[in-house]
Amino acid sequence: LSKPKASYTEAARRNKTKGVVILRIVLTAKGTVEGVTVVRGLPDGLSEKSMEAARQIKFQPGVKDGKPVSVSISVEYGFNIY
């Protein structure tokens, strides 16, 4: 339903850090985000900012055989200096 953006940190701006953070998350049958782990991270606090944003994702749980189920997915957050 919604995927909040991850914000830049001042350290990342200063160091002109850019790239993509890839996270593995579990969207639970209860409608919560759990098990947030970094698959590929970035320095200067960008991995942490991505994890914070991922925990705020809003979604409808998947349904199998009429029952809500948990699912594991990858999520990407891109960071570019403009």
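A residue counts as exposed when its relative accessible area is over 50%, and as buried when that value is under 20%. In the predicted model, Lys30 has a relative accessibility of 67% and is therefore exposed. The side chain of Lys30 meets that of Glu34 in a salt bridge, with an N to O distance of 3.5 Å. Glu34 is partly exposed, at a relative accessible area of 37%.

Glu34 is also one of the residues touched by Thr28; the others, leaving aside residues up to four places away in sequence, are Phe59, Pro61, Val69 and Ser70. Thr28 lies in the loop that runs between strand E1 (19-27) and strand E2 (33-40). With a relative accessible area of 6%, Thr28 falls under the 20% limit and so is buried. The side chain of Thr28 makes a polar contact of 2.8 Å with the side chain of Thr32.

Side chains of opposite charge can pair when their charged atoms come close. The structure contains three salt bridges, among them the pair Glu34 and Lys30 described above. Another joins the side chains of Arg13 and Glu10, at 3.8 Å from N to O. Both residues belong to helix H1 (residues 10-14), where Arg13 and Glu10 are three residues, or about one turn, apart. Glu10 is exposed, at 55% relative accessibility, whereas Arg13 is partly exposed, at 45%.

A salt bridge is also formed by Glu52 and Lys49, whose closest N and O atoms are 4.0 Å apart. Glu52 and Lys49 are separated by about one helical turn because they are three residues apart in helix H2 (residues 46-54). Glu52 is partly exposed, at 43% relative accessibility, and Lys49 is partly exposed, with a relative accessible area of 27%.

How values were computed
Residues numbered from 1 in each chain as written. Predicted model: local features only at pLDDT ≥ 70, side-chain atom pairs only at ≥ 80, totals over all residues. Heavy atoms only, no water. Helix = DSSP H or I, 4+ residues; strand = E, 2+ residues; numbered from the N terminus. Buried < 20%, exposed > 50% of the residue type's maximum accessible area, 1.4 Å probe, protein only. Polar contact = N/O pair within 3.5 Å; in protein donor to acceptor, adjacent residues only side chain to side chain. Contact = heavy atoms within 4.5 Å.
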